[in-house]
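Please look over the sequence and the structure below. A short report comes after them.

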Amino acid sequence: MLYQPFQEVKLSVLGMGNMRLPTQGQGGPIDEEKAREIIEYAYRHGVNYFDTAYRYHGGASESFVGRVLSQFPRDTWYLASKMPGHMMNYQNGRLGFQGYLAGEKIGSVAEIFEEQLEKCGVDYFDFYLLHNVCETSLEFYTNEELNVVGYLLNQKKQGRIRHLGFSAHGRAETIEKFLNRYPGIFEFCQIQLNYVDWTLQEAGKKYELLTGRGIPVVVMEPCRGGSLASLPEGAESLLRKVRPQDSAASWAFRFLQSLPGVQVVLSGMTTLEQLKENIAVFSREDPVTPEERQLLNQVVSLQAELVPCTACRYCCENCPQGLDIPKLLSMYNELNYSKGLGTLRFTLDAMKPEELPGACIGCGACAEACPQNIDVPSLLGKFARELVP
């Protein structure tokens, strides 16, 4: 198993995500026998970073993971969990849940944190994160009256949090705004990062922002929910020509090995076979070469016809509506590739009507200025129609 130093400890480069444990039927409870076997095998074969969260598996993940890990010496494994602020709101001095948790009782941020410690059966979290800092949760996490960050810093001072970080599905500018609000506070950041989202979700921009500030990156969705482990035949055949024995998933992991700022790569392994394969990949250094990285770009292009926007921003200079056209085209590419909104909804839900693609009046000034000859009005019109329920 490959390890990398993180301050005073060494973390396995392969970490175990516990959002996709095996279940008893589709959407059923955790299959505890199979899940226990996976976690125990991971630990005994060198994995020492285990990630969970407040609502994974309907709230059962924290308790189960804590129970399984408790059989091993506490100083041999590192547990990460998260404050579910992205599912909460704070209005008129009242704290509440939103989304599918709307209506459930909640007293305070402190109550949630205490509940998590109890569920996990630990006295402290090795790593603790604000869950999903994004456009729709930024106001909650930065609310001065609520003071979520201040509360967690106090828990860290008491030794109940060893390392404080945050996960983010927000855009790079949102992450930068958050970091500027709390300079020097956060020790690591977890982002969705893979060779597709490097461009598609501007993950490369987020990676460079974080590493430029000396913040280690924990990776989630390295195989994009499994889609990069099972590629279309044409795309997979390109990879097999170069490395016939390698799985599609191993290419995704090797891409991440080529990024020196990556601290841990979380994989939500549902089967023992997946775990064994991933352990093999992370047992030796084998990053992709520059030539192989170009090949991965071809794999991406085979899966979707993406708008070739270079974000030069010439289109924005004469837009009478003041639209951020490169941002909208980037979002259009993501929608086109993913065949659904996915995490785009976090950004869209925080945008004003005059910022959305429907605000385009089709004047064509942007298309005239575009060096890539992109028919921007047509694409924004199509994007707007896709957003209509």
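The report covers a helix pair and a strand with its partners.

## Basis

This is a predicted model: local features need pLDDT of at least 70, side-chain atom pairs count only at pLDDT 80 or more, and totals for chains, interfaces and linings use all residues. Residues are numbered from 1 along each chain as its sequence is written, and side-chain values use heavy atoms, with hydrogens and water left out.

## Helices α10 and α12

Helices (H or I, at least four residues) and strands (E, at least two) are DSSP runs, numbered from the N terminus. Helix α10 spans residues 248-257 and helix α12 residues 290-303. Their axes come within 11 Å and cross at roughly 130°. Axes are lines fitted to C-alpha atoms, for helices over the stretch in contact, and angles run from 0 to 180 degrees between N-to-C directions.

Trp 251, Arg 254 and Phe 255 of α10 make the contact (heavy atoms within 4.5 Å) with Glu 292, Arg 293, Leu 295 and Leu 296 of α12.

## Strand β3

Strand β3 covers residues 14-17. Leu 14 and Met 16 point one way, Gly 15 and Gly 17 the other. All are buried (under 20% relative accessible area, 1.4 Å probe, protein chains only).

β3 has two parallel partners here; two strands pair if DSSP finds at least two bridges between them. Three bridges join β3 to strand β12 (residues 262-267), where Leu 266 stands opposite Gly 15. Two bridges join β3 to strand β4 (residues 49-51). There, Phe 50 stands opposite Met 16.

How values were computed:
Buried < 20%, exposed > 50% of the residue type's maximum accessible area, 1.4 Å probe, protein only.
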